[in-house]
Amino acid sequence: MDHPLLHAQDWRSLARAMFLSAIARFDRGRPVLVLGHFDADGLSALAIIVRALRASGLQVQARPVGKGENPWDPRFRLELEERRPGGLIATDLGVRGGDLLHGTPTIIVDHHRPTGTPGDAVVISGHGLQPEPTSSLLAWHCVGGTAEAEPLLWLAAMGLIGDMARDEDFPEIAAAQAVYGKTALRDAVSLVNAPRRTASADPSPALRLLMDKDGPKALTKGDGEDAQALRVAKAEVRAEVEIARRIAPKVRGDVALIRFHSPCQIHPLIAQQWRGRLKDKIVLAANDGYRDGWVHFAARSATGTDLIRFLADHRLAGADAHYGSGHAQATGGALRQADWNAFVEGLGFPEETFAA
């Protein structure tokens, strides 16, 4: 799928122009609803958009999209229909086929590989740009014309660090580090990512801090209830990682499988850890304890393999929108137990199936 930013001499200005043009179509008589993924990039993008639009005088509601949720799911659409927003913005949730809410002006701000055409939505996508801006950086440039964006730069930097773990590719992150400090930003990202990985998967404390505070040290040094909740969440996740990281992988051909049972969303962390140790393998970290009746897994590889294509080649009829999206080098999915059985049998791990 081709997007306008790929052909722009200045994608930053074009993103802002597209966003301003699109929000002009919103019904100002009803609140705007902003949806965002519940990781550091998605929450930061959500906070940037909501804070900027509120500063410009719009009524805005924030809705993080969390564990097991997908805004293109028919069940989620029922909630959108009940809310009847005057405009809809989705960020860091992918670009998929079909309207999110038919008849409602919609903007999608995202950087993942598109898997379909989202109806009549205005898509502001960074996918394919080199270097690739994350959703939060796109959001920061989008709102540059609606409110003073400079105080929100730290949020864009947090999203960049959270998704890319790099700090050399964008002048914006260098500017944020000069003001807020590299260590403070990285420590704040670690804290913001922690609550959504816990068994409760509640990102609310993190989002409240991102919505209310003026810099990362309010998270890392804060002593309020929400800041304490982030530290407790991080400790819970760390304990689960320590258990899972001791499990040895099973290897069949080009695939290494690490399977474990945890209520926490630690499968991406385990996959990333083993990626560096099994440099010639496709690493699958599978967690059958994250959601009842499902196996959630993360795929990583240092081989350069297009993991989205790899998963597409092994796709089952029962796989839904939670399967095989994201990035070519960082993806994953969720499968019901019966579909998981067929999936791992096809990969050569029949002993990793569930009993009938």
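In which sense do strand β9 and β10 pair, and over how many bridges? They pair in the antiparallel sense, over 7 bridges, with β9 covering residues 294-301. The model is a predicted one.

- Strand β10 (residues 330-336) is mostly covered, with 5 of its 7 residues buried.
- Strands β7 (residues 255-260) and β8 (residues 282-287) run parallel and are joined by 6 bridges.
- Leu 257 has Leu 284 in β8 as its bridge partner.

**Helices across the sheet**

**Helix α5 and what covers it**

- Helix α5 (residues 153-164) has 12 residues.
- From first C-alpha to last, α5 reaches 16 Å, close to the 16 Å expected at 1.5 Å a residue.
- α5 is mostly covered, since 10 of its 12 residues count as buried, that is, under 20% relative accessible area.
- Among the buried residues of α5 are Leu 153, Trp 154, Leu 155, Met 158, Leu 160, Ile 161 and Met 164.
- Ala 156, Ala 157 and Gly 159 are also buried in α5.
- The elements covering these buried residues include α2 (40-55), α4 (135-142), α6 (171-180), α7 (182-197), α8 (204-212) and α9 (217-220).

**Packing of α6 against α7**

- Two of the helices that cover α5, α6 and α7, pack with their axes 7 Å apart and at an angle of about 105 degrees.
- The two helices α6 and α7 are therefore roughly perpendicular to each other.
- In this contact, Ala 176, Gln 177 and Tyr 180 of α6 meet Lys 182, Ala 184 and Leu 185 of α7.
- By class, the contact of α6 with α7 comprises 4 nonpolar, 1 polar and 1 charged residues.

**Ile 266**

- Ile 266 is located in the loop between β7 and α11.
- Ile 266 counts as buried because its relative accessibility is 0%.
- Leaving aside residues up to four places away in sequence, Ile 266 touches Val 237, Glu 240, Val 241, Ala 244, Phe 260 and Asn 287.
- Ala 298 is 32 residues from Ile 266 in sequence, and the two C-alpha atoms are 9.1 Å apart in space.

**Arg 54**

- Arg 54 is found in α2, one of the helices that cover the buried residues of α5.
- Arg 54 has a relative accessible area of 43% and is therefore partly exposed.
- With residues up to four places away in sequence not counted, Arg 54 touches Val 60, Gln 61 and Met 211.
- Between Arg 54 and His 7, which are 47 residues apart along the chain, the C-alpha separation is 31 Å.

Technical notes: Residues are numbered from 1 along each chain as its sequence is written. This is a predicted model: local features need pLDDT of at least 70, side-chain atom pairs count only at pLDDT 80 or more; totals for chains, interfaces and linings use all residues. Side-chain values use heavy atoms; hydrogens and water are left out. Helices (H or I, at least four residues) and strands (E, at least two) are DSSP runs, numbered from the N terminus. The expected span of a helix is 1.5 Å times one less than its number of residues. Buried means under 20% relative accessible area, exposed over 50%, partly exposed in between (1.4 Å probe, protein chains only). Contact means heavy atoms within 4.5 Å. Two strands pair if DSSP finds at least two bridges between them. Axes are lines fitted to C-alpha atoms, for helices over the stretch in contact, and angles run from 0 to 180 degrees between N-to-C directions. Angles under 35 degrees count as roughly parallel, over 145 as roughly antiparallel, 65 to 115 as roughly perpendicular and the rest as oblique. Ala, Val, Leu, Ile, Met, Phe, Trp, Tyr, Cys and Pro count as nonpolar, Asp, Glu, Lys and Arg as charged, and the others, Gly among them, as polar.
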